[in-house]
Amino acid sequence: MVGAYPSGAGCSWPLRSLYKCPNLKIEEYSVLTNAGRARAMRAPGNVQGTFAFEQMIDTIAEKIGMDPIEFRKINYTDVDPDWGGKYTSKKLIEAYDQGAKAIGWEKRNKPGSGEGTVKRGIGMASQIWWGGGSPPGYATLKLNSDGSLNISSGTQDIGTGTYTILAQVASEILEIPMDKIQVTLGDTETGPYGTASGGSMTAPTMTPAVYDAAVQMMDKLKSGAAAILEVSEDELNYSNGIFTVKNDPQKTIDISKIVNELNARTLVTTGARNANPDGYAINTFGAQFADVEVDTETGKIKVNKIVAAHDIGRAINPMTLNNQIHGGVIQGLGFALFEERIMDSYTGKTVNANFHDYKVPTIKDTPEIVPIIVSETDTLISPVGAKGVGEPAIIPTAAAISNAVYNAIGVRIKSAPMTPDKVLNAINNL
Amino acid sequence: MKNFEYIQPGSLNAVSTLSKEKFVSSHLFAGGTDVLGLMKDNIISPDRLINLKNLPNMDKIVYKKGEGISIGTLVKISDIAENEDIMNHFTALAQAAGEVASPQLRNVGTLGGNICQRPRCWYFRGEFDCIRKGGGICYAYEGENKFHCIVGGGPCYIVHPSDTAVALTALNASIKIHSNGTMKEIPIREFFILPEDDPMKENILEPGEAITEIFIPELETGKKSAYIKLKERDVWDFMTVSIAAVADVSGSLINNVELAFGGTAPKPWYDENINKVFINSKISDLETNVKKIFNDSELLSKNKYKLQLIRNLTKRILNNFSA
Ligand SMILES: Cc1cc2nc3c(=O)[nH]c(=O)nc-3n(C[C@H](O)[C@H](O)[C@H](O)COP(=O)(O)OP(=O)(O)OC[C@H]3O[C@@H](n4cnc5c(N)ncnc54)[C@H](O)[C@@H]3O)c2cc1C
Ligand code: SF4
């Protein structure tokens, strides 16, 4: 459904790209509805598509009597099935293996085989998304005469940690402490063009731009140091803001002095996101695992644990990365169990347009979440090696929960959210 | 929002006089957690709000062993949930209070306000001119009715939203009401009304009347009480279905039981015939006995699951007494 105005995203990309399948026919069409227009959503279309598709994959695996992970592994693909491009990196098998271990996959029983009224189940689902970033994207660095650094860019931080990771990348190359770096974002008047918050693009697009600007800054500093110290650039060592002459360690100069001695006041560089490699497919991958309990007398589903194993290239900052995964999983939990726009079909009005009837999960509904990063880096994309995580984190959550629910009760719930009424109706064949 | 007057009278007589003044629409205000929502959503637009906060002695809990407990109308829901006498002797009420909304709302909402809160039907709370708001049709009847009633409906199909009212109904509480200078006491089982009597009101209160306290008689020896509630979300959610029970269970035998059902009807549902199914029955027969209740329910297009749910929860709450 696309609402009253055609816009939005398809749901079929996971079906087309997640597995190797030589004979695949997919038909997808949009339906205009007399409802409000489609709005922005984390991983538009893919949460929905994955919810349906990964349940189908589990169903097929069960029909042929195969373990769902085994089935996914034999249908694994090294190349993008759509056009044959090789992936810059793909660690989906690692996500299956590490996730399965963390959830205790070996404890998984036959569907619906548990005793008692509250039944336990384990399930999983895979994820694919873009998230490699691309040009254009720029960042300007200003090194001040006190040795402090400003980074500015027209991109933004919507709570995801952009400020932190941009500073980190510059700090890593220039060896300037984080507390001497100031980042100015969200203003296209003062900063050069930066990417919009969408497509999990910000980290993989903007960190290489900062990297490029920092490398240029390093070149300027080095040539400045060489000129002032009257040595060649090869004769210099650099560490923690200080150049030292290799053969004469008494001869040193720090970066703030370089700026002053050059009478530059500020050194300025602007970096750009590099082009992506030709002929490659760039994707993020992951697998999430759910451990759930279903109360067969009330229809209520309780999620005990979610393991989220993701291939997102390099983890620049594990803390902000884990926050993204927590946020994605909790939002996915909302999609799986609670959140639904309920529209009166006679009037077309939404009856639950408030935060009380439209139920987002609270902390009491939130399970233990275990993020696992299975990737090291992806240097084919950029020297930084990061892919995005914002959207990957939400994509497989609901599908993993639904497969776990099936494993618990042996009945498929085919529409989200899986509220108690639907579960009871499914159990009692109503 | 329309301009309104805000008054904090110091006596019940003043409350009566102020709320009955001709050509002025008045509304009583306790914690305000429901009143303010109703005003913001344009469901009520009173000329005058009468805050009960300054009335003396209405925020007290007094327990007299052997007699019962009196709870002032202004006692906060959170204080009920945590009161030792209520937890020990009227457990269902403490549990029901603990299930209400969220900690913030429980800290502000009062017992009287909780009982008198307006229904949560989303058509009633939304921009629909339905029967309960004086309009001509019930939008829920053929619309989005998964949370609506399965008994007692027509022409309106709300469920009563209050958790505490369900517990108080099972506990056979009575409600003390100040009515134009005199006091009256009404059993809670007669306090709420069905839409067939008046689809625009949920209880018998008339303008000029105010609840002053709620009294619960001491349970007979051997009886205990409990409350269970299914909500979709673990906190900050109204009941899908809830049940309060006062029961005397020895071993595997149910000697006596009084059940009240929430999320089931336009008022906390109490039916002697349901009690009779379980009185002097065995716990081991629950599975068959629950099938005998609510057979006369009128299921709507999207609330069929409630019948099974009510039966399952009845089984569960009674089972818990023998555990
Ligand atoms: C988001 C949300 C979630 C909620 N979830 C739940 C829930 O899960 N379970 C539940 O039971 N409730 C729930 N509630 C309702 C909440 O508990 C009530 O709003 C609260 O208990 C009302 O108390 P109050 O003192 O604030 O009442 P007020 O808002 O002040 O009054 C409510 C009504 O009672 C009348 N009134 C108040 N005192 C008297 C009196 N002494 N005599 C006569 N009439 C009186 C008022 O005129 C008004 O019509 C929820 C409310 C919200 C907003
Ligand atoms: S159930 Fe009652 S309140 Fe809801 S739409 Fe029908 S008449 Fe209105």
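This is a predicted model: local features need pLDDT of at least 70, side-chain atom pairs count only at pLDDT 80 or more; totals for chains, interfaces and linings use all residues.
Residues are numbered from 1 along each chain as its sequence is written, chains are lettered from A and ligands numbered from 1 in the order in which they are written, and side-chain values use heavy atoms, with hydrogens and water left out.

**Chain A**

Chain A has ten helices and 13 strands (DSSP runs numbered from the N terminus: helices are H or I with at least four residues, strands E with at least two). Its C-alpha trace spans about 85 × 50 × 45 Å along the principal axes. Of its 430 residues, 52% count as buried (under 20% relative accessible area with a 1.4 Å probe, protein chains only; exposed is over 50%, and partly exposed is in between).

**The cores of chain B**

The largest nonpolar core holds 57 residues, and Phe278(B) and Phe294(B) have the most contacts inside it. Such a core is a set of buried Ala, Val, Leu, Ile, Met, Phe, Trp, Tyr and Cys residues joined through side-chain atoms within 4.5 Å. Several elements of chain B each supply at least two of its residues, among them strand S10 (241-250), strand S11 (253-262) and helix H10 (272-278). H12(B) gives the largest share, eight residues. Beyond its neighbours within four places in sequence, Phe278(B) is in contact with residues including Ile254(B), Leu286(B), Ile293(B) and Leu318(B) (contact means heavy atoms within 4.5 Å). A second, separate core of 41 residues includes Val100(B), Ala173(B), Ile188(B) and Phe191(B). In soluble globular proteins, nonpolar side chains tend to be buried together.

**Ligand 1**

Where does ligand 1 lie? Ligand 1 lies between chains A and B. Around ligand 1 there are 34 residues, of which Leu28(B), Ala30(B), Gly31(B), Thr33(B) and Thr110(B) come nearest; a residue is counted if one of its heavy atoms lies within 4 Å. The table lists polar contacts of the ligand, a polar contact with it being a pair of N or O atoms within 3.5 Å.

| Residue | Part of residue | Ligand 1 atom | Distance |
|---|---|---|---|
| Thr73(B) | side chain | nitrogen | 3.1 Å |
| Gln117(B) | side chain | nitrogen | 3.1 Å |
| Asp237(B) | backbone | oxygen | 3.0 Å |

Taken alone, ligand 1 exposes 970 Å², and the protein buries 95% of that. H7(B) provides the largest share of the shell, four residues.

**Backbone details**

A cis peptide bond joins Ala416(A) and Pro417(A), with omega about -5°, and Pro417(A) sits in the loop between helix H9 (397-409) and helix H10 (420-427) of chain A. In chain B, the peptide bond from Gly154(B) to Pro155(B) is cis, with omega near 0°.

Asn57(B), a residue other than glycine, has a positive phi near 60°; Asn57(B) is exposed, with a relative accessible area of 60%. Asn280(B) is not a glycine either, yet has a positive phi of about 60°. Asn280(B) counts as exposed at 58% relative accessibility.

Methods. A polar contact is a pair of N or O atoms within 3.5 Å; within protein, one must be able to donate a hydrogen and the other to accept it, and residues adjacent in sequence count only if both atoms are side-chain atoms. Accessible areas come from the Shrake-Rupley method with a 1.4 Å probe; for residues, only the protein chains shown count as cover.
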